Amino acid sequence: MGLSFRKTLIASAIIAAGTLSQGIFAKPVKVTEVEGISEYRLENGLRVLLFPDVTQETVTVNVTYQVGSKHENYGETGMAHLLEHLVFKGSPKHKDIPKELSEHGARPNGTTWTDRTNYFETFNASEKNIDWALSMEADRMVNSFIAQKDLDSEMTVVRNEFERGENSPFGVLLKRLLAASYSWHNYGKSTIGARSDIENVSIDRLKAFYRKYYQPDNATLIVAGKFKLQEMLNKVEDAFGPIPKPDRSLQPLYTKEPAQDGEKLVTIRRVGDVQLYATAYHVPAGSHEDFAALEVLSGILGETPRGRLHQEIVEQKLASRSFGFNFQWAEPGLMMFGMEVDQSADLQKTIEASHKVLENITKNPVSKEEVERTKRKLIKNFELGFNSSESVALELSEWLGMGDWRLLFLNRDRIEKVTVEDVQRVAEKYLTRNNRTAGRFLPAENPERIEIPAVASVADMLKDYKGRKAVSTGELFDASPDNIDKRTNSYTLANNLKVSLLPKKTRGESVEFYLSLNLGDEKSLMNKAEIGSAAGTLLMRGTNKYTREQLQDEFDKLKAGVSISGSASSVSARVKTKRENLAKAIDLVAHVLKEANFDEKEFEQYKSTAKVDLEQRLQNPQALVFREYSRRHRQVPEDHPYYVPTFDESIKRLDNLKLNDIKAFHNEFYGSANGELAIVGDFDEQAIRKALKKHFANWEPKTGYTRIARDFKAVDSNAQQFNTPDKENAVFAATISLPVSDKHADSPALVLGNYMLGGGFLNSRLATKLRQEDGLSYSAGSFFNQSSIDERSALGIYAICAPQNLSKVEEGVKEVLQKVLDSGFTAEEIASAKSGYLQQRKISRSKDNELAPILGSNAYLKRDMQWSEDFEEKINALTAQDIHKVMKRYLEIDKFAILTGADFSKTK
């Protein structure tokens, strides 16, 4: 559950229905269909969007309500978000929603934003799961408990979430900027709300808010994934049709923000290690025809590395990082830009230079090349995103919030038509001094007012809109271990690169590429940890053929989402693209890996940005605690490639980093011998085999690979505190090491035991105690990491809380652990955990971007999917006695290392 930083939804026409006898409901009326998505309307006003996708093994159910923080009144800030939390607390037919979500192996959440709130879950596409999800969403739509006892515990959880946001310098700055930007409109109020409102809002106000807005005529149900359309429509009708249409009518909001008539400045002084500067400019609503040009303008100015801010500010060493983004809302929103500046630099120089970049486009017009490049990237992102029905189901919430889900497609069409003249016009109109919030109000001799144009009618805009032909749907794929093994073609290239190919028809002809290369040996990699990490980061910043900007353009032309990273011991590449572009994308990835030029300018930018990032973490309790967590589990000498330095040590090592050492590392260790490559999706297998042989069969490193073994070592159990002054949120962690690998006989019991201890969705022992019952923590749980080769693993427990509650959190964690050791888990808990955990593994296998690295890992470990099936059978066979015996064998409370970070002056 959390806050979404995107857009919102507004109701459309209501379908008239005749009088029906009791128990009989009018059939859903089809309203429209665009590119494979069908809209229906129930008699009670519920809008239904169905998006069948046979290529998925999952279904996503997403209910979006047309209510967000802009609908809150005085004293109610944060109430929409607080209510989102309470709706997870249960309803008459579904009394323990977190437990049910875990039992069904769902990937759920809820988000609140300015114009809308949504609740969603993705799960295996079984009839039982579908019926359960629809029943749950229908029941909690109008029957959620919204009880005082739940408010008492959840209020402190939400307050803790508020406190977490107060730890982020940019998060705090953003809240102040929004407040200064809007004098009257509720967009100036943060969705998380004011602390005093969170603490004092009454249950009666929450109930009234719920009854008013949580109704079928104010909601849209989105279902996407593996189902037959008519069968799903019948199920939706059965689940939601009986809900009566409410008697009340919703009055439209009428507060409008007047034109700004002078620049504003907000200044914040808090403990920290980095300077930030951000500007906000008022712009039209997300549905306005100007917004497509504004999106292109935002990319031209704010993206890295081709954006003007990056080139004129970052590359001139006036900032370590720059960025830009838009708040695309139902009503006039904001275009945002920001810069991150080293604490020792002159911020005023950065401010003056940024104003020249942003507000001087009249003298420095946008070019056709800038416009076309940015449009190409925006369209690429749209097309790649539309290949996932799950992603589309969630993205539609944002466009519903702006007025109509079809705006998603209209916005794409508008972007394709944007011209240089359009971008120049909106830049000159909206990026002006008097429309900027970043400075103090100053009287102007000749005041300027920028009137933001209104949207006349979204309905008229889309009245005859038909969209385009739906993308290819792909095949119905069985994601069982046996079928994955059957469909996967595995072989080894001459240099021992292991290849796994799983061709299949996918939605939009999408395909996932995964490559992992293993580097060096323990002796040769000594004192090279930072060098290897820097080499991996710099790969995508230019080659002997392409600059950083040109390289990004080439991948955009191929509609390829690419990430390449590395460390001292490995380098990996991930690519998401389409069938027609995979071979060329592989050509380009191979070129990057082999021909990176490690440019001096990019190296200096890397060091500058990395240093600022490290300096920020020096006062971040979460960063400090989990850096120490990693250090406790990496007990090796300082020169070892697996050594984890402190942040201070990392800054010193960064200062000593030399470009020639990075070039030498790449020349010595990079090669495709002893690696793993997997491709899953729609591709021409024979053509790809030729491409792989061409690029990777004969690429040998000068120094070969030998795996670095890591023997089991018990964690140092001494407690450690990190004092972080002026931070509102505290972090708790506890950890222990265990002499167990994932092939150990006790591994299944430890995995399922951890799932019940701190996994699942809000119903684990830790989450139930610290969040549901005691209301101490917004986020609490545990995780269990195992080696697949060495007999070692790590169990970690975490929680965030207010500093004054740290001792209570520690007591609660120890109480939960002691109960597990004393009495184990119940048969009901175990049955629920087995169901949830095994369904989550099935979901992971059904997603191509997760399956590809699984196949790569299997190749490295010399396993097939039968190993996974055997492991799941062992999970399924576990008894309460098995798990209790294993947990008692390994968990000793006194051997846990307790690590905490907080402003300890606030713990007294």
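The axes of helix α9 (residues 291-302) and helix α15 (residues 420-430) come within 9 Å of each other in this predicted model and cross at roughly 80 degrees. Helices are DSSP runs of H or I with at least four residues, and strands are runs of E with at least two, numbered from the N terminus. Axes are lines fitted to C-alpha atoms, for helices over the stretch in contact, and angles run from 0 to 180 degrees between N-to-C directions. Angles of 65 to 115 degrees count as roughly perpendicular, under 35 as roughly parallel, over 145 as roughly antiparallel and the rest as oblique; α9 and α15 are therefore roughly perpendicular.

A second pair, α28 and α32, is oblique. The table sets out both pairs.

| Helix pair | Axes come within | Crossing angle |
|---|---|---|
| α9 and α15 | 9 Å | roughly 80 degrees |
| α28 (residues 806-823) and α32 (residues 880-890) | 8 Å | roughly 125 degrees |

Contact means heavy atoms within 4.5 Å. Ala293, Leu294, Val296, Leu297 and Ile300 of α9 meet Asp422, Val423, Val426, Ala427 and Tyr430 of α15. In α28, Val820, Leu821, Asp822 and Ser823 meet His884, Met887 and Lys888 of α32.

Threonine 58 lies in strand β5 (residues 58-65). Threonine 58 has a relative accessible area of 2% and is buried (under 20%; exposed is over 50%, partly exposed in between, with a 1.4 Å probe and protein chains only). Beyond neighbours within four places in sequence, its contacts include Phe123, Ala224 and Ile843.

Residues are numbered from 1 along each chain as its sequence is written, and side-chain values use heavy atoms, without hydrogens and water. Local features need pLDDT of at least 70 and side-chain atom pairs count only at pLDDT 80 or more, whereas totals for chains, interfaces and linings use all residues.
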